[in-house]
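Open the model in your viewer and keep the sequence panel beside it. The stops below say what to select and what is there.

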Amino acid sequence: MKQLSTKVTSNGHGQDSSYFLGWEEYEKNPYDEITNPNGMIQMGLAENQLCFDLIESWLAKNPDAASLKRNGQSIFKELALFQDYHGMPEFKKAMAEFMEEIRGNRVTFDPKKIVLAAGSTSANETLIFCLAEPGDAFLLPTPYYPGFDRDLKWRTGAEIVPIHCSSSNGFQITEAALQQAYQQAQKLDLKVKGVLVTNPSNPLGTALTRRELNLLVDFITSKNIHLISDEIYSGTMFGFEQFISVMDVLKDKKLENTEVSKRVHVVYSLSKDLGLPGFRVGAIYSNDEMIVSAATKMSSFGLVSSQTQYLLSALLSDKKFTSQYLEENQKRLKSRQRRLVSGLEAAGITSLRSNAGLFCWVDMRHLLDTNTFEAELELWKKIVYNVKLNISPGSSCHCTEPGWFRVCFANMSEDTLDLALKRLKTFVESTDCGRMISRSSHERLKSLRKKTVSNWVFRVSWSDRVPDER
Amino acid sequence: MGLPLMIERSSNNNNNNNNVVELSRVAVSDTHGEDSPYFAGWKAYDENPYDETHNPSGVIQMGLAENQVSFDLLETYLEKKNPEGSMWGSKGAPGFRENALFQDYHGLKTFRQAMASFMEQIRGGKARFDPDRIVLTAGATAANELLTFILADPNDALLVPTPYYPGFDRDLRWRTGVKIVPIHCDSSNNFQITPEALESAYQTARDANIRVRGVLITNPSNPLGATVQKKVLEDLLDFCVRKNIHLVSDEIYSGSVFHASEFTSVAEIVENIDDVSVKERVHIVYSLSKDLGLPGFRVGTIYSYNDNVVRTARRMSSFTLVSSQTQHMLASMLSDVEFTEKYIRINRERLRRRYETIVEGLKKAGIECLKGNAGLFCWMNLGFLLEKKTKDGELQLWDVILKELKLNISPGTSCHCSEFGWFRVCFANMSENTLEIALKRIHEFMDRRRKF
C-alpha cells in the first residue's frame, strides 16, 4: 500500500481535540429558533456577528466595491489578473491605517512591512516557517487557542512549550513562568526561537497588561529570541482600559528601529474585529526586512483574493465608517458580555474579569466532582449532550487547572444567549441537588485508568509523541 | 578514515557574538527560485513595460502565461446576472453575513458542485467528478504544495518530466523539504515521457538513496503547450503501480486544449478502473487561473480518489482557503451549463487562432515550434541560433532577445530543459496588435541576422 507522509498519519491536524469534537456534535443537531428550538447552541465558535448591519448598510451605499467597479466602471479584468504577492497597495495602506486607528493612532504601521495571508491561520504558520527549524520551539502562555497546535506545529515541525499561567493571579504571565518554560525547553533539548502571545488573549478574553508586555519584551531581549503578538482581537477591546499593543511598548521603551524591534512581529486578521472569517484576510507585520521578504514569497501559497482586497480596501479607507464601526462594535460587545456575565452569575457561576474578545473564561470548578481533568470532561459531556450547549473545555486550550471553560457570546442573537443561560441555570440547579445526593454516597471516585479518558485530555503538546498516537 | 563532520542542528549559530538570532533555513534559502532568469525578465518588463500608445518601444511581456482572450464572455455574463451590482442579492445584501461567516474548509457545496460540473464539461463528460472529493485551495500553487506535504516527507522525491514549470522548484520543494528528480525528455520524440526515462529517473533517485513518492506531470504540459498522449498516461499509471507510488496530474490547462478530442485526462483512464489500489494513487490538480483567466481570485482544487488524501487535504486547506466571497460569485456562473459550454468552446477557438497566428508568424521568420495543441504559449526552437549549445549560449541569446528585441520570453533552462535553445513564448496575455508587433520585431531581428 503506497504510503502517505507522516503528516497524514500523525494527528497534528489536531482534529481529535474536544474543541473540534464539540463542533461536530453541534453540526449534527444545530439550534434554530423556529425549526429546532431544542437543538444545540453553539457557544464554542469565536465569531463576531454583532455588527453585520453596519457593513451591510455600507455595502448598500457603496455598490461599486462588491461589484468589481470603480467609479461605475468595471475593473473586472484588472482584479481578475491581479496576483502580485506584494498585495494591493491601496489595501495594505488601508489595513495599516485601520491597525493604527485601533491603537488610538499612537503608533504607525508602514504598509510596506505588511505581508498579506489567507487568514491569521496562514499568517501564524508562515511566521513559524520563517523563524523556526523543525524541532525548534515556541513558548506559549496557557491557556491558548487550540488551533495553534495545528497552525504552529503541523507542517512546520516546530514544537510548543507552555508557559504555565494560573488562576491565582488571573492567568497573567509571570517572570517565573517564562523562565520555567524556557528551562523546560532546554531540558527537552529544544532550541527556543521565540514567544507567541495572543493579545487580547484567546481564550481568556483579557488584554495583556503593560507589566506583562514589558516583561515579555525584556525576556525576548535577554534571551535573544522573537516575539510574535497575535493581535487578532485588538479591535474587540471593550473595557475601560485602552488596548496596549506590543508596538506601544516598543515605542514607550524607545526600542523602535533597534535590533530588538526586528524581532517583534504582529499578526492581524479581519476575521474577528470585522466578523469576516470567510474572506480569509490575515496579515503579518514585521520590522525585519528578511522576514517580510521571505513571508511575502511564501504568501504565494495563501494569497488574498483580489476581489476581496478590493472590497475591503474601499471599506477600510472610509474613515467615517471605520471610526463608527469600531466604536459601535465595542459598545455592542461590552453589552453582550455583560449579559453573559450576569446570566452566569445568576446561575452561581463566575468568570474571569474580561475586557476584550468574543468570549468569557468561565469558572466551573465548583461544578466538578473532583479537581481533575476527567471530571472536567464529564462535566463538558453533560453540558454538550444534556444541556445542549457547545462550550470549550479548558483542557482543549491546555489550561493546567481543570474546571475552566471558554463560552462565546458574540455569535448568536440576544434571545439565543438568554435561552442558553436559562438552560445552564436549570442544569446547575439540578446538579447542585444531584450532587448533594451523590456526595453522600461518594462512590464517584474514578480510576485514573478509566477508558473514557481520551488521550487528548492529558496530551501536552511538547512531550515526545505517545507511541499509540501513531 | 576521518571522523564524520558533526553538523549542529542550528549550524547558523556562529554569529551569536553579534547577538543576531537567525531565521530558519527555509527563510534564507533561495529555493523560492526567484533568482532565476525567469524572474529577472519580469523585472526588466516592470521597469519598461510596453504600451501601445505611451511606450510602443517598451518590453513586451511574453513570459507570463495569462489568458486574456476571453474576459468579455465572463464580464458580460456577470453583468447580466447582477445588473444592480450587488453580489449578495438586491437591496442591502442579505446573504452577505452568511457568506462572510462561511469558513468551512469543506468549501461552499454549490461551488464544489459547480467545479465538478465544469471539470466534467472540459473533459466532454468522459469522466465524472464527485463534488465531495474536491478540496479547494487558494490557487494551484497551494494545491501542489499541499499535495506534496501529504504524499511525501522531507528528503523524499517527486519525479517530474523536464521541461517543467519553473514555479515547481518553489511549490514542491521550498517549505516541504521534498526533492525533484527530473525525468529527462527531449525533442527526438517531441519531449514525450518514455518508460526508459521514467526508469532512469527512478534509478537515479534510488542510487542517491532518495525515496521516490510519486510522479507529477502537467497535462497539457507547461511549457510545451502539448497534451500528454493517452498511451503515455497509461504507461505512467502502470509505472506508478509497479513502483507503488503516486501519480499527480496538474491539469490546470485542460480547458485550453484547442481541440477537445485531443485531451485525455488521467481521470478518464481511472474512470474505467475498479481496482481501488490503483485509483487511490491518482490525484488531479486544477485551477481557474488559466482556463478562466482569473489568477487574482485564487481558486485551485485538489481532486483525489484517495479518501485519506481528501480528508487530510481538506484539513490542511485551512492554511489556504478560497475567499467565500469568490466562491459565492463564481458558483452560479460555473454551474450555468449553457454558459460554460459556450465559454469553453469559444475560449478554445480563440486560443487556437492565437496559436496559429504566432506559429505561422514565426515560421515566416524561419523559426520552428514544437507541434502544440494546448495552453497559452508555444515552445519555440532557437537552437540553430546558438553560438554554443550550452546553458550560457542560451542565456546569451535570451539576453539579446530581451535587450535588443525587448521581448521577455522564458529560456528553456529555467524550465530545466536538457536541450539548449528552446524558449517558451506566451501569446494569450496581450492584444492581437501587440502580438503582431512582437512578431514584427522577431522578423526584423531574423532579417538582420540573415544579412550577416
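Which residue just after α6(A) takes a positive phi? Select G104(A): its phi is about 60 degrees. Before going on, note that this is a predicted model, in which local features need pLDDT of at least 70 and side-chain atom pairs count only at pLDDT 80 or more, while totals for chains, interfaces and linings use all residues. Residues are numbered from 1 along each chain as its sequence is written, chains are lettered from A and ligands numbered from 1 in the order in which they are written, and side-chain values use heavy atoms, with hydrogens and water left out.

**Helix α6 of chain A**

Now select residues 89-102 of chain A, which form helix α6. Helices (H or I, at least four residues) and strands (E, at least two) are DSSP runs, numbered from the N terminus. The 14 residues of α6(A) should span 20 Å at 1.5 Å a residue, and the end C-alpha atoms are 20 Å apart, which agrees. The expected span is 1.5 Å times one less than the number of residues.

Colour the buried residues of α6(A): F91(A), K92(A), A94(A), M95(A), A96(A), F98(A), M99(A), E100(A) and I102(A). Buried means under 20% relative accessible area, exposed over 50%, and partly exposed in between (1.4 Å probe, protein chains only). Among the elements that cover these residues are β4 (114-117), β9 (264-269) and α14 (319-346) of chain A. Contact here means heavy atoms within 4.5 Å.

**Aromatic pairs**

Over all chains, the structure holds 28 aromatic pairs. Select F171(A) and W361(A): their ring centres are 6.1 Å apart and the planes stand at 85 degrees, so the pair is edge-to-face. Rings of Phe, Tyr and Trp (its six-membered ring) pair if their centres lie within 6.5 Å; planes under 30 degrees apart count as stacked, over 60 as edge-to-face and the rest as tilted. F171(A) is in the loop between β6 (159-163) and α9 (175-187) of chain A, and W361(A) is in strand β12 (residues 359-363), 190 residues apart. Both F171(A) and W361(A) are buried.

In chain B, select F191(B) and W379(B). Their ring centres are 6.2 Å apart with planes at 80 degrees, so this pair is edge-to-face. F191(B) lies in the loop between β4 (179-183) and α8 (195-207) of chain B, W379(B) in strand β10 (residues 377-381), and 188 residues separate them. F191(B) and W379(B) are buried.

For a cluster with members from chains A and B, select F52(A), F279(A) and F96(B), which ring pairs link.

**Charges over rings**

Next, select K334(A) and F240(A): the lysine lies over the face of the ring, 4.0 Å from the ring centre. In chain B, the charged end of K243(B) sits over the ring of Y202(B), 4.5 Å from its centre. The criterion is NZ of Lys or CZ of Arg within 6 Å of the ring centre and within 35 degrees of the ring normal.

**The nonpolar core**

The largest nonpolar core has 204 residues. A nonpolar core is a set of buried Ala, Val, Leu, Ile, Met, Phe, Trp, Tyr and Cys residues joined through side-chain atoms within 4.5 Å. Select F111(B), one of the residues with the most contacts inside the largest core. Leaving out residues up to four places away in sequence, F111(B) touches L136(B), L288(B), V299(B), Q327(B), L330(B), A331(B) and L334(B). Apart from this core lies another, of 100 residues, including L4(A), V267(A), W174(B) and M316(B).

**A buried glutamine**

Select Q61(B), in strand β1 (residues 60-61) of chain B. At 8% relative accessibility, Q61(B) counts as buried. Its side chain makes a polar contact of 2.7 Å with that of N408(B). A polar contact is a pair of N or O atoms within 3.5 Å; within protein, one must be able to donate a hydrogen and the other to accept it, and residues adjacent in sequence count only if both atoms are side-chain atoms.

**Backbone stops**

Where is the cis peptide bond of P203(A)? The bond runs from N202(A) to P203(A), with omega near 15 degrees, and P203(A) lies in the loop between β7 (192-198) and α10 (210-223) of chain A. In chain B, a cis peptide bond joins N219(B) and P220(B), with omega about 0 degrees.

Last, select K388(A), which is not a glycine but has a positive phi of about 60 degrees. K388(A) counts as partly exposed, at 25% relative accessibility.
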